[in-house]
Amino acid sequence: MDLYTRLDHIPVGGETILGSPIWTSPGGKGANQAAAAARLGADVRFVGRVGDDEYGQRLRQGLLDAGADVSLLRTGDSPSSVALILLTPDGENSIIVSPSSNQHVSPADVDAAWQPGQPAVGAVVCQLEIPLATVVHASELAQQHGARFVLNAAPAQELPADLVGRADPLVVNESEAEFLLGTTSEAPSHTPETLVRGLLELGSRSVVLTLGGDGAAVGVNGGGFRHVTGFPVPVVDTTGAGDAFVAALVTRLVAGEDLFEAADYANVVGALVVQHEGAQASYPDAAEVEAQIAS
Ligand code: ADP
C-alpha cells in the first residue's frame, strides 16, 4: 500500500515537521503489473502475500477489481508491505519501503502455480520486491515448463548470471540499466543503444529499456535493435507508468506478438497512464488503448 504525504522539506535528524493528511493507494510493482495486465484483458494469476489487515483487504480487492485471479495471494504472517512516499515541492520525492509481507513470498508460494489442476502458464513476470531466491525459483520453474520468463529488474540489485540468462526480456529503466552495467549517465558512451547492447552482453535473451518521455529501446540477442519513439503527451503523474508498460508488453507477447510489436503497444499504454493521477487507478482497458491507436 502506498501512503502519501506532502511536506515542505524532508525532515533532518531530530526535526519534527507537519505533513498534509495522508492518502493511500494500492501499489507495489507486482500488484500494479498484475492489475494493469488484467485490465488489458490478460488472464492473470497473482502470486504474493499481504497482511491480515485493512491494507491487505484493499490490495486484494484492487487486484480483483482489475480482473486478476487472487487464489494464490496468501494472507497472514506479517503486516502488509507499505511504501511511505514523501512528496516535496522540488519534486525530489523520498520513499521508505517497509517490506513486511513481501519478504515472506517463498519458493513454495510459486510452486503452487504449477500444482495439478492449475491452468497452463504462458509467461512468468517477476520484479525484485520479493526475496531474490523466490525470483530465481520462479525463473527455473518457467524454464522447466516452457513458459516465457520476463524480469523487471526493479528496484535495482545485483543479479546472478543464470537469472539474467533466463530473462526474455530483461526490462529496466535507465537508472536500473546503469546500476547493472556499473556506468553513469555522464559516460560518453551513454546512449540507449549502447545500454541495450551492454545489457545483452550480460546474457539476457532480449532487453527492453524504458526511457520515460523518450519511449523505449528494444534489443534481441542476435536479432536487432530498435528505438520506439515516445509520444509527446501532457504529463500529469508518471507513477506506475513503468509497471503498466511491463504489463502491456507481456500481455502482447503472450498473445503472440514479437518483442518489437509488443513494445510499440506498451509505449502507447505508458503514454496513456502518465496523463492520469495515480498508478492502478490510471490503467486503461484494451478498448481505450485501441481507441488511442486509432486516433
Ligand atoms: P519507470 O517509471 O519505471 O522509471 P519510465 O519512466 O521509463 O519507467 O516510463 C515507462 C514508460 O511510460 C515509457 O517507456 C513510456 O512509454 C511511458 N512514459 C513515461 N513517461 C512518459 C512521458 N513523459 N511521456 C510519454 N510517455 C511516457
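Which helices each supply at least two residues of the shell around the ligand? That would be H8, spanning 241–254, and H9, spanning 259–273. Helices here are DSSP runs of H or I with at least four residues, and strands are E runs of at least two, numbered from the N terminus.

Before I go on, a quick word on the model. It's predicted, so local features need pLDDT of at least 70 and side-chain atom pairs count only at pLDDT 80 or more, while totals for chains, interfaces and linings use all residues. Residues are numbered from 1 along each chain as its sequence is written.

Okay, the ligand. There are 19 residues around it, and Thr-210, Gly-213, Ala-241, Gly-242 and Gly-270 come nearest. A residue gets in if its C-beta atom, placed from the backbone, lies within 6 Å of the molecule. By type, the shell splits into 9 nonpolar, 10 polar and no charged residues.

Now the annotation. An unreviewed UniProt entry lists Gly-28, Lys-29, Gly-30, Ala-31, Asn-32, Glu-129 and Asp-243 under "binding site". These span 216 residues in sequence, yet no two of their C-alpha atoms are more than 12.8 Å apart, so they gather at one spot. Bear in mind that such annotations may be inferred rather than shown by experiment.

Let's walk through two of them. Gly-28 sits in the loop between strand S2 (23–25) and helix H1 (29–39). Is Gly-28 buried or exposed? Gly-28 is buried, with 28 other C-beta atoms within 10 Å; the cut-off for buried is 20 or more, with 12 or fewer meaning exposed and anything in between partly exposed, using C-beta atoms placed from the backbone. Leaving out residues up to four places away in sequence, Gly-28 touches Ser-81 and Glu-129, where touching means C-beta atoms within 7 Å, again placed from the backbone.

Lys-29 lies in H1 and is buried too, with 22 other C-beta atoms within 10 Å.

What about H1 as a whole? Of its 11 residues, 11 are buried, so H1 is largely enclosed by the rest of the structure. Its buried residues pack against strand S3 (48–50), helix H2 (54–66), strand S7 (123–126), strand S8 (148–152) and H8. After H1 comes Gly-41, with a positive phi near 105°.

How values were computed
Nonpolar A, V, L, I, M, F, W, Y, C, P; charged D, E, K, R; others polar. Contact = placed C-beta atoms within 7 Å.
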